Protein chains: 2
Amino acid sequence: MAGSRITIKDLAARMNMSISTISRALHDHSSIGEKTTAEVKKLAKELGYFPNSVASNLRRNKTHTIGVIVPRIDIHFHSHAISGIEEVAYKSGYYVTIFQSRDLLEREIAITEILQTKMVEGVIACLGLETKECTHFIKFNELNVPLVFYDRVSKDCNASKVIIDDFEAAFKATEHLISIGCKKISHIAGCQTTDIFKARLEGYKAALTKYNIPIDEKLIEYTSDLSYEEGARCAKKFLSLETLPDGMFCANDYTAISAIQVFKKANIHIPQDIAVVGFSNYPISRFIEPTLTTIDDRAFEMGKAAAKLLIRQIEDKDHIISSETIVLKTDLIVRDSTNRGII
Amino acid sequence: MAGSRITIKDLAARMNMSISTISRALHDHSSIGEKTTAEVKKLAKELGYFPNSVASNLRRNKTHTIGVIVPRIDIHFHSHAISGIEEVAYKSGYYVTIFQSRDLLEREIAITEILQTKMVEGVIACLGLETKECTHFIKFNELNVPLVFYDRVSKDCNASKVIIDDFEAAFKATEHLISIGCKKISHIAGCQTTDIFKARLEGYKAALTKYNIPIDEKLIEYTSDLSYEEGARCAKKFLSLETLPDGMFCANDYTAISAIQVFKKANIHIPQDIAVVGFSNYPISRFIEPTLTTIDDRAFEMGKAAAKLLIRQIEDKDHIISSETIVLKTDLIVRDSTNRGII
DNA sequence: AATATTTACGCAAACGTTTGTTTTGTTTGC
DNA sequence: GCAAACAAAACAAACGTTTGCGTAAATATT
């Protein structure tokens, strides 16, 4: 700020013209002569003029800004999603303002209020863990600002969504274990009040059922947060069974990795004794030993899809779209933790 | 947008008062009666009024926004730095708009221009790899908008900086290896046109010198990008020496990890045969086997420090500060890759 | 009771643009 | 040579706030 910024007025004064002429010249309006247009632009460049987009936004009632709410920026999944969002937004001439809810409902609500005052043209959000209902988002509906949720979405909110098919992904993962010969497949499950983790459990069960493998609740361990520590705990639990499972599908990579490390310490070989599939394809899954078979979470694509969808809705003058749901295909990435060689 | 947003005008009409009174009431101005103030606020809440910060920003010539330029959001280091920035900014009532240069100079320049039009009050940036000089940043000086670089900084730009002492960190890392008995310490170095990697090499050399260990160029491997693949290449090079080094300091964690994996495959034990120290404390360093001794890069703290410094400068009316440099303390995190038990 | 002071509010300009309407001056058609 | 048509540029209002100044009524001071 401060400094002495050149405005359109200054240009007008220097050229002995009206400010409207300057404005139109800078926008190549047809009603301004070529010569004048050129001169104005030349002067603007000379004086280092930059348009004041705050003023422009006010007048045009457009900010070309989209607000993004994520639980935490520093989680791999979200930073990749944001990266995708930013990439699409930048190319379409939109700007991205990011807020972290830190999984706090109070903060999430405060952020939605800030976003209203900022006149963002659209909002992309991933709900925080505390968020059970989302009345704080309905004001965006009222204001006609498009809203897109990704990954963690809310059923009872009228908004567009971008998700992966967790059920199908879990099904695929489990099916893969079966295809390499596993008969007794365990599962480390996430918090069952969260839809995505519920879906992963269901997908696991469905795959077993399809192949006539009975579902054994003793082979399912529930965790609250899928942390590294929880993974170790579950692994020890499985070790204490009469017979060790010969396959394991984990609802995320952290638990898979820590379980693997526990197994290795117990002198159990992976994938020979027990094959393991994770979920999310964290960077680390490529580096541990053995490298981890996992489901790619499509974070970057999810961000891109969310941004594209949002921008489409922003620019859809007719506001004909009420909501739209995009389900992304997932990829099973087969690595050494399920590679038993030729079968 | 669209919709029908309630403005201060609407409130004024409903209350049969002037807009200035409304504005003042909403800001608890002393010249407005208590009763009126209360009534105005009540009505505002009823009608769901939200201030239009675009208009406010224009009038007050303040945006309370800081622009952030990072090479990539989805790199762990940067997402953590951003997280720190956002945390501090949020608490101080500032908003954060993020741009990725993707290490492209052209894009970095374009972003600086966008930031000018957006009237941001301050800028935090980490330079892209292509950026050798930074004339595109001097306009911020001219406009009196404070500028803080972090991590990758530029010498020839008049701006504040937040960095870690790479020299000292590398010195500490190397000294640690010496302290556990290493006599022949190798180094995997980064691109020597980047200051931070140069400093790490220098720190390594200085530690050797201090303890009268001759510097042996054969023990130093230079890489262009410190990639996982490069790490493996360097490790093989060291394996081909007549005698294997008994310690290794790597300029980042990726090379350390891939080198460790190469060593393990060659049946070399870590840390008994060769102790390894990385740099940055990537999350993965806690999970690999053995867990990796490394230097914490202080990403989050760096972001916080940058934001605090920037905001201080923004709010320093006198513009008395020209520039300031903060050097953060680093931490050596000792893990199993250098844990030889009692010495 | 007259003046001074305070309280509570209104008026109007300003922030830097954009844009519908008007004005001025030039060209065209006949 | 005069109306009509057009091109080029000016006028002025508007976007939603904030804020210096003015003013009327209410209260305090003598």
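**Chat: two chains and DNA strand C**

Modeller: H4(A) gives the largest share of the surface near DNA strand C, 5 residues. Keep in mind that this is a predicted model.

Colleague: How many residues surround DNA strand C, and which are the closest?

Modeller: There are 26 residues around DNA strand C. The closest are A:Ile8, A:Ser20, B:Ser20, B:Thr21 and B:Gly33.

Colleague: Which elements give two or more residues there?

Modeller: From chain A, helix H1 (8–15), helix H2 (19–26) and helix H4 (53–60). From chain B, helix H2 (19–26) and helix H4 (53–60).

Colleague: And by class, what does the surface near DNA strand C have?

Modeller: That surface has 11 polar, 9 nonpolar and 6 charged residues.

Colleague: What about domains in chain A?

Modeller: The assignment gives domain 1 (8–51), domain 2 (63–164 + 299–329) and domain 3 (166–297 + 332–338). The centres of domain 1 and domain 3 of chain A, taken over C-alpha atoms, are separated by 65 Å.

Colleague: Now the backbone. Which residues does a cis peptide bond join in chain A?

Modeller: A:Glu289 and A:Pro290, with omega about -5 degrees. A:Pro290 sits in the loop between strand E9 (275–277) and strand E10 (294–296) of chain A.

Colleague: And in chain B, what does a cis peptide bond join?

Modeller: B:Ile270 and B:Pro271; omega is about 10 degrees there. B:Pro271 is in the loop between helix H11 (253–265) and strand E9 (275–277) of chain B.

Colleague: What is phi of B:Asp103?

Modeller: Near 60 degrees, a positive value in a residue other than glycine. B:Asp103 lies in the loop between strand E2 (95–100) and helix H6 (105–117) of chain B.

Colleague: How many other C-beta atoms lie within 10 Å of B:Asp103?

Modeller: 15, so B:Asp103 is partly exposed.

Colleague: And where is B:Asn144 found?

Modeller: In the loop between helix H7 (138–142) and strand E4 (147–150) of chain B. Phi of B:Asn144 is positive too, near 65 degrees. B:Asn144 has 14 C-beta neighbours inside 10 Å, so it counts as partly exposed.

Notes:
Residues are numbered from 1 along each chain as its sequence is written. Chains are lettered from A and ligands numbered from 1 in the order in which they are written. This is a predicted model: local features need pLDDT of at least 70, side-chain atom pairs count only at pLDDT 80 or more; totals for chains, interfaces and linings use all residues. A residue is near a molecule or strand if its C-beta atom, placed from the backbone, lies within 6 Å of it. Helices (H or I, at least four residues) and strands (E, at least two) are DSSP runs, numbered from the N terminus. Ala, Val, Leu, Ile, Met, Phe, Trp, Tyr, Cys and Pro count as nonpolar, Asp, Glu, Lys and Arg as charged, and the others, Gly among them, as polar. Domain bounds come from an automatic or database domain assignment. A residue is buried if 20 or more other C-beta atoms lie within 10 Å of its own, exposed if 12 or fewer, and partly exposed in between; C-beta atoms are placed from the backbone.
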